[in-house]
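Trainee: I have a new structure to study. Can we go through it together, step by step?

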Amino acid sequence: MRVKDVYTPIDMNHWVSSMGQALNTEALNELRDLMGEALDEVLQTFIDYLPGQIEELSRAVNHQDANGVFNLAHRMKSSSSSIGAFGLASVAEEIEMIGRTGSTEGAAELLERLKQLYSDAESVVRAELLK
């Protein structure tokens, strides 16, 4: 399965309203079918590394480093969409677009939303890892 088969840049804000929808379970189940137990390593890597990326993004926003904002948000968008965290990927994409314009204006507000979405997604991923 390719990322573009799972992630489409559609308004997916309805997925961000509750923890149970932090991850698209259909996409996650498809990944489980394709990858089997190897998915656990991908999910563990996601929860191990994304908090650090969020902290780096926060520093880039605080230092008004538009290029850093662009690059970090792009990586988060990719890693989030690859596991079915489409709400998180959508917000990361919004932040990425801000950085792409050479600005950081508005990124701080979106970063707070991104942090909450990550928290929700992390809970779902941890539950998935216990299965």
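Mentor: Begin with a term. Helices are DSSP runs of at least four residues, numbered from the N terminus. Gly102 lies in the loop between α5 and α6. One caution: this is a predicted model.

Trainee: How many helices and strands does the chain have?

Mentor: Read along the sequence, the pattern is α-α-α-α-α-α. Strands would need their own runs, of at least two residues. The count is zero strands and six helices.

Trainee: Is Gly102 buried or exposed?

Mentor: Gly102 sits in the loop between α5 and α6. Exposed means over 50% relative accessible area. Gly102 has 55%, so Gly102 is exposed.

Trainee: How far apart in space are Gly102 and Phe70?

Mentor: Look at the sequence, then at the space. Gly102 and Phe70 are 32 residues apart in sequence. From C-alpha to C-alpha, the distance between them is 8.5 Å.

Trainee: Is Thr104 buried or exposed?

Mentor: Thr104 is found in the loop between α5 (86-100) and α6 (107-129). Leaving out residues up to four places away in sequence, Thr104 touches Ala60, Val61, Gln64, Asp65, Ala66, Val69 and Ile98. The cut-off for buried is under 20% relative accessible area. At 14%, Thr104 is therefore buried.

Trainee: Which residues does Ser80 touch, not counting those up to four places away in sequence?

Mentor: Start with the location: Ser80 is in helix α4 (residues 66-82). Its relative accessibility is 1%, so Ser80 counts as buried. With residues up to four places away not counted, Ser80 touches Phe46, Leu50, Ala85, Leu88 and Ala89.

Trainee: What does Val42 count as, at 32% relative accessibility?

Mentor: Val42 lies in helix α3 (residues 38-62). Buried stops under 20%, and exposed starts over 50%. The 32% falls in between, so Val42 counts as partly exposed.

Trainee: Which residues make the nonpolar surface patch of about 240 Å²?

Mentor: A patch takes residues with over 30% relative accessible area. Val42, at 32%, is partly exposed. The nonpolar patch is made by Val42, Leu34 and Met35.

Trainee: What percentage of the chain's residues is buried?

Mentor: Turn to the whole chain. The chain exposes about 7,000 Å², and carbon and sulfur atoms supply 50% of that area. Among its 131 residues, the buried ones make up 43%.

Notes: Residues are numbered from 1 along each chain as its sequence is written. This is a predicted model: local features need pLDDT of at least 70, side-chain atom pairs count only at pLDDT 80 or more; totals for chains, interfaces and linings use all residues. Side-chain values use heavy atoms; hydrogens and water are left out. Patches are made of residues with over 30% relative accessible area and no salt bridge: like charges are joined within 9 Å, nonpolar side chains (Val, Leu, Ile, Met, Phe, Trp, Tyr) within 5 Å. Accessible areas come from the Shrake-Rupley method with a 1.4 Å probe; for residues, only the protein chains shown count as cover. A salt bridge is a side-chain nitrogen of Lys or Arg within 4 Å of a carboxyl oxygen of Asp or Glu. Buried means under 20% relative accessible area, exposed over 50%, partly exposed in between (1.4 Å probe, protein chains only). Contact means heavy atoms within 4.5 Å.
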